[in-house]
Amino acid sequence: MSESKIVICPACASANRVPVEKLGAGGTCGRCHAALFQAAPLTLTAANFDAHAGRGDLPLLVDFWAEWCGPCRQMAPAFAAAARDLEPRMRLGKLDTEAESAIAARYAIRSIPTMILFKGGRELARQSGAMPASAIVGWARGLV
C-alpha cells in the first residue's frame, strides 16, 4: 500500500487523500471537483484557516499581510512565485490581518509582512519582513 497525504481543497476545505506519488499530478477534490493545486497562494479566512493549518498533511506557509502595507504589496509577487516552486509539497496561503484580526491576534502578529510555517497544526517557524521569491523558497525548504 502506498503512502498518502491528506490535502485540503482550496475551494471547499474538504479533506482529500492523495497518494504521495500522485501529488505532482495535481488532482481534483472528491467533493467539489476543484483543482487541489493552483500554483498560487490561496486566500485564508476564518472559515478555512484551521482546516488548512491543522487538518492537512502538507506544511502550510502563511503570509500575514494587509492592503495598506507597502512591503506586503511589494512581496506579493514574490510569494506568488514561491507558490509555483513549492507546490505540491507545501501549501501557501495569504491571510489579510485587517479582515481576519482574530487569527492575527491568535498568532501575535506584531509586524507585517510576517510568514509563519505550520505543520500538523503547530507553528514551526516565522520570519518577518519582505523577501524575494528565492529567499522564501530557500527558507521554507530548509525547514521541512
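**View 1. Asp50 and Arg106 join their side chains in a salt bridge, at 2.8 Å from N to O.** Here a salt bridge means a side-chain nitrogen of Lys or Arg within 4 Å of a carboxyl oxygen of Asp or Glu. Asp50 sits in helix 1 (residues 49-55) and Arg106 in helix 3 (residues 101-106), so this pair ties together parts that are 56 residues apart in sequence. Helices (H or I, at least four residues) and strands (E, at least two) are DSSP runs, numbered from the N terminus. Asp50 is partly exposed, with a relative accessible area of 44%, and Arg106 is partly exposed with 44%. For these labels, buried is under 20% relative accessible area, exposed is over 50%, and partly exposed is in between (1.4 Å probe, protein chains only).

A note before the next views: this is a predicted model, in which local features need pLDDT of at least 70 and side-chain atom pairs count only at pLDDT 80 or more, while totals for chains, interfaces and linings use all residues. Residues are numbered from 1 along each chain as its sequence is written, and side-chain values use heavy atoms, leaving out hydrogens and water.

**View 2. Glu87 and Arg91 form a salt bridge between buried residues.** Their side chains meet at 3.7 Å, N to O. Glu87 has 12% relative accessibility, and Arg91 has 4%.

**View 3. Lys5 and Glu3 meet in a salt bridge at 4.0 Å, N to O.** Take a look at the setting: Lys5 is partly exposed at 24% relative accessible area, whereas Glu3 is exposed at 53%. Across the whole structure, the search finds 5 salt bridges.

**View 4. Five strands make an open sheet in the order 3-5-4-6-7, with mixed pairing.** Strand 3 (42-44) and strand 7 (122-128) are the edge strands, each pairing on one side only. Two strands count as paired if DSSP finds at least two bridges between them. From one strand to the next, the twist averages 30 degrees; axes are lines fitted to C-alpha atoms, for helices over the stretch in contact, and angles run from 0 to 180 degrees between N-to-C directions. Strand 6 (residues 114-119) pairs with strand 7 in the antiparallel sense over 6 bridges; the bridge partner of Thr114 is Ser128 in strand 7.

**View 5. Helix 2 (residues 70-86) packs on the sheet.** This helix touches strand 4 (60-65), strand 5 (91-96) and strand 6, where contact means heavy atoms within 4.5 Å. The direction of helix 2 makes about 160 degrees with that of strand 5. Helix 4 (residues 133-143) lies across strand 4, strand 6 and strand 7, at about 30 degrees to strand 6.
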